[in-house]
Amino acid sequence: MPTILVTGGAGFIGANFILLARKLNWANVVNLDKLTYASNLNNLAALRTDNSYHFIQGDINNFELVSYILEKYQPDAVINFAAESHVDRSIFSPQDFIQTNVIGTFQLLEASRFYWQKLSEQQQKEFRFLHISTDEVYGSLTPTAPAFKENTPYSPNSPYAASKASSDHFVRAYYHTYGLPTLTTNCSNNYGPMQFPEKLIPLIILNAINSQPLPIYGDGQNIRDWLYVIDHCQAIYLVLKQGKIGDTYNIGGLNEQTNLTVVKKICAILDELIPIADFSYSSLITFVKDRPGHDRRYAIDCQKISEELGWFPQENFDSGLTKTVQWYLNNPAWVEQVRSRNYQAWLQQNYENR
Ligand code: NAD
Ligand code: TYD
C-alpha cells in the first residue's frame, strides 16, 4: 500500500479525506498539521489505534521538519491541504495567509523537490505532489457568464484568493522548471461534517440551534457552487491516481445556490428535525453589512474531470445538507469544544460592527 503525506489533515477537508483513505485502504497516511484554531484532532479520534496512520504536529513552513518526515516515511505522494482558509479572516489578517498559503507551500515544494530528486528513476516517475486549491482564484462571475474552466484567467479578489493563486503558480512553476510531478485541483465551496463554524453552513446551523441571528451578508444573492465534502475527497483520490501530471482539474458540485436559498433550506430542515411551536428558524434571518470585495458568483465547469477521469458529484444537495445538519445535532461535544476556544472572540470581531 502506498504512503501519503497529508498536510492540514486535522482540518475539515483533510480530516474527511484521511478518514476515507483509511476506511477504503487507499494508503498509509502521515498527517502533518500545525493545529491552528481551525483544526480538531477529535476529527481523527477513530484512527487512534490505526497503525497505518501517524500524526505529527508541525508547520509546513518548517523545511527541516518536512525534510525529516519525507526521509523517515518515504511517501509516494504529498497532498497539501494545509492553509488558512477563511476569506473574512484574510480581510482582518492577510499576513497569516501569505505565511502559510504562499511561503508554506513554497517550503513544502522545496522539501519535496529535494526528496524527489534523490528517489530512483522509477520512484520519481510515480511520485505526486497534489495541491488542493480553490475556485476563488478565478475571481467573480456575472450572473450569465460561463462557469470557470481550467484555462479561465486567474483574477483573485480577496487576500485569501490571492494567496491561493500565488501558491498555485508556484506549484505550476515547480512542474515546468524542475519536473516535479505536480497536480492541482481547484474546487468550489465544500460542506459536510466537521467544518469549522466560521463558514456559512455550519455557522448558520449553530446560530439557529442557539436562537442567534442568522447573518446574511449584503442582499443574500451571492452565488456559490456547493459540493459535499466526500465527493471532493473522491475526486482528489481520482486525480492523484489518474490525473495527468502538470495539469489542473476543476471540481464542482453542479449546484449553484444563492446564500439566501442555502440559509432558508437549513431553516426548513431544522423546522422538520427540531420543531418549535409557532416558530420558524427563518425568522432569525438578519441581513448585515456586506463583506468588502464580496465575489458575486462562483461556478465550476467540471467537464474535464468528468470526461477524463469519470468523476461526477454523487450527493444531492438536499440530502447532503440534511446529513450535515444531522451531524451537528448528533455531535454536541464536538460543537461545544469548538465553540469554547477563541471562537467567541472571532464572532465578536467579525459580526459586532456589521
Ligand atoms: P481548514 O481551515 O478547515 O483546515 C486547514 C488545516 O490546515 C487546519 O487543520 C490547520 O491546522 C492546518 N494548517 C494551517 N496552517 C498550517 C501550517 N502552516 N502548517 C501545517 N498545517 C497548517 O481548511 P479546509 O476547509 O479543510 O480546506 C483545506 C484546503 O482546501 C485548503 O487549502 C483550502 O484552500 C482548500 N479548499 C477549501 C474549500 C472549502 O470550501 N472549505 C474549497 C476549495 C478548496
Ligand atoms: P464562506 O462559507 O465564508 O465561504 P467563501 O467566502 O469562501 O465562499 O461564505 C459563503 C458565502 O456566504 C459567501 O458569499 C459569504 C456568505 N456569508 C454570509 O452571508 N454570512 C456569513 O456569516 C458568512 C460566514 C458567509
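**Close-up views of a predicted model**

**View 1. Helix α7 passes helix α11 in a right-handed crossing.** In such a crossing the near helix is turned clockwise from the far one by less than a right angle. The axes of α7 (residues 200-209) and α11 (residues 317-330) come within 10 Å and cross at roughly 55°; α7 is therefore oblique to α11 (angles under 35 degrees count as roughly parallel, over 145 as roughly antiparallel, 65 to 115 as roughly perpendicular and the rest as oblique). Axes are lines fitted to C-alpha atoms, for helices over the stretch in contact, with angles from 0 to 180 degrees between N-to-C directions.

**View 2. Residues of α7 meet residues of α11.** Ile201, Pro202, Ile205, Leu206 and Ile209 in α7 are in contact (heavy atoms within 4.5 Å) with Leu321, Thr324, Val325, Tyr328 and Leu329 in α11.

**View 3. Seven strands form an open parallel sheet.** The strand order is β3-β2-β1-β4-β5-β6-β11, where pairing requires at least two DSSP bridges between two strands. At the edges, β3 (53-57) and β11 (248-251) each pair on one side only. Helices (H or I, at least four residues) and strands (E, at least two) are DSSP runs, numbered from the N terminus.

**View 4. Helices α1 and α2 lie across β1, β2, β3 and β4.** Helix α1 (residues 12-23) runs at about 165° to β2, and helix α2 (residues 63-73) at about 170° to β2.

Residues are numbered from 1 along each chain as its sequence is written, and chains are lettered from A and ligands numbered from 1 in the order in which they are written. In this predicted model, local features need pLDDT of at least 70 and side-chain atom pairs pLDDT 80 or more, whereas totals for chains, interfaces and linings use all residues; side-chain values use heavy atoms, without hydrogens and water.
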